[in-house]
Amino acid sequence: MTLFISSEVFPYAKTGGLADVSYALPKALAKDIAIKTVMPLYNSIDRAKHGIISSGISFEKTLGGITHQFDIYFQDGDISKVFLYNPILCDRLGLYEDDYGEFGDNDLRFGLLSYASLELISILDLPIDTLHINDWQTSLVALLAKEVYNLDAKVVLTIHNLAYQGVFDKSVMQKLDLDWERFFKPDRFEYYDRVNYLKAGIFYADAITTVSQKYAQEIQTPQFGEGLDLMLRLHSHKLQGVPNGIDTQSFNPATDAALYKNYDSSSYSIKNKNKKKLCKELGIKGYKKPLFVFIGRLTWQKGVECLIENIHAMSELDANFIFLGSGEARYEDILIQATKDHDNIHVEIGYNETLSRRLYSASDFLLMPSKFEPCGLNQMIAMAYGSIPIVTHTGGLSDTVTDINHVDSATKGQGIVLFSDSRYDVVFGLAKALSLFAHKKRYASIALHNMQLDFSWKQSAKTYLKIYQK
Ligand code: ADP
């Protein structure tokens, strides 16, 4: 049995793609193997809505002289997920941060999650042969499984985004009863006199995956390595890129309940009705104009800066722009001001699953000029919904989107690939998009072709099975 451990799982708790993957990958794997997902039962999770009930099982773990209690919850009628409740881990107004920034005890919180995930193996008597851990939040599991619990299980670590590593003050060693002599070493847990959870995961995992082939190469270079490129080069024999898929049942325009009107590639013209309705609801004039959307975290990574630099240029185009996201206050402020200044720019700050799906279905183009992108789900969702992606040439974007003018492309190009994320190349990309939009037939043939591409987990789930069984 595989234990898939993640700090966020859709639809219970989600801040980004990790939650989507933690929902869709175990679901795809469950067709072939026994797999259980473990996640924290944050107090933001609506227990009644999801039918999450107490198992009546609790256990304690004493660390650093303090006894921590954990309660195990299940979902009514579904034994594939285990929810762990502990007040330090779960009683928060956010998963990792609130309006005042990151929680100061994330080191302890995710250390507790790691310990508790391993404790429950014996408590629930699970015949675990593989532990699949995800990002820094669960990376300590690798160290603990190998060195503290001496488990005879294969540990697979997936790096969803190397930019987040869980680097903390070394005092956490004591809080988590971690032995200085054995673990506080430059090749393991230590990182510039602090501790680095992801680094420990890289050292102790038997296999490491990351979410696209290109990103697997990129992270071994100083440019994308975020200070861990040498560590990753040293462990490159364990490292492999396995592309993410999307849950094609959930992200299906033919059945997606969030849409005003469902459609598929044979009824593509209905997509336009979604555009008309959405523009009306948001008070956007000229629904026939090309509609560009941005959906995502408003952070440096997502290329928000080069879009903001081009706000003026965008405002002069005969097109509409909608931004949906939340993140750094400076970006939010500029975008909110842009909405006030320009009729054709509309911004919705916040996380809104329904609106995001409506935007995929209503838009003609998805803007995704990321500085780096481990895999990226948005571009795949956009293609599945018949919206053409405009992307930078990095990570998973590069693996999934070929430029429509690429002459060597074996398959038809899927989108517009920017030369770089400079403001000039973004403007050039927008101009190219407008030209494509004007050629209705060509636009439709690309969009329809994209809608029929296979973005499911099928292939990648097979690769994970091989990794588990190797
Ligand atoms: P990330 O780097 O944030 O994990 P991904 O492209 O891997 O980016 O996944 C992002 C996921 O989160 C997609 O499902 C996307 O639709 C969704 N998403 C991002 N921001 C928002 C938002 N503000 N509202 C709704 N959904 C969002």
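The model is predicted: local features need pLDDT of at least 70, side-chain atom pairs count only at pLDDT 80 or more, and totals for chains, interfaces and linings use all residues. Residues are numbered from 1 along each chain as its sequence is written, and side-chain values use heavy atoms, with hydrogens and water left out. Helices (H or I, at least four residues) and strands (E, at least two) are DSSP runs, numbered from the N terminus.

**The sheet**

- An open sheet holds 9 strands in the order S3-S4-S5-S2-S1-S8-S9-S13-S14, and its pairing is mixed. Two strands pair if DSSP finds at least two bridges between them.
- Strand S3 (52-63) and strand S14 (239-241) stand at the edges with a single partner strand each, so one side of each has no neighbour in the sheet.
- From one strand to the next, the twist averages 25 degrees. Axes are lines fitted to C-alpha atoms, for helices over the stretch in contact, and angles run from 0 to 180 degrees between N-to-C directions.

**Antiparallel hairpins**

- S3 and strand S4 (residues 66-75) run antiparallel, joined by 10 bridges. Lys-61 stands opposite His-68 in S4, and Ile-53 has Phe-74 of S4 as its bridge partner.
- The hairpin of S3 and S4 has 2 residues between the strands, and Gly-64 takes a positive phi near 55 degrees there.
- S4 also runs antiparallel to strand S5 (residues 78-85), with 5 bridges. Here Ile-72 stands opposite Leu-84 in S5.
- S4 and S5 form a hairpin with 2 residues between them, where Gly-77 in the turn has a positive phi of about 75 degrees.

**Strand S1 and its partners**

- S1 pairs with S8 in parallel through 4 bridges. Leu-3 has Leu-131 of S8 as its bridge partner.
- S1 and S2 also pair in the parallel sense, over 4 bridges. Phe-4 has Thr-37 of S2 as its bridge partner.
- Thr-2 and Phe-4 point one way from S1, Leu-3 and Ile-5 the other way, and all are buried. Buried means under 20% relative accessible area, exposed over 50%, and partly exposed in between (1.4 Å probe, protein chains only).

**Helix H5**

- The buried residues of helix H5 (residues 140-148) are Leu-140, Val-141, Ala-142, Leu-143, Leu-144 and Ala-145.
- Their cover includes S1, H4, S8, S9, helix H7 (180-183) and helix H8 (197-204). Contact means heavy atoms within 4.5 Å.

- Arg-109 lies in helix H4 (residues 106-123).
- Arg-109 is buried yet has no salt bridge, and Asp-105, the nearest side chain of opposite charge, is 4.7 Å away. A salt bridge is a side-chain nitrogen of Lys or Arg within 4 Å of a carboxyl oxygen of Asp or Glu. Lys and Arg count as positive, Asp and Glu as negative; His and the chain ends are not counted.
- A polar atom of the Arg-109 side chain lies 2.6 Å from the backbone oxygen of Leu-89. The backbone oxygen of Leu-95 lies 2.8 Å from a polar atom of that side chain.
- His-342 sits in the loop between helix H14 (329-341) and strand S17 (345-349). His-342 is buried, with a relative accessible area of 16%.

Note on methods
A polar contact is a pair of N or O atoms within 3.5 Å; within protein, one must be able to donate a hydrogen and the other to accept it, and residues adjacent in sequence count only if both atoms are side-chain atoms.
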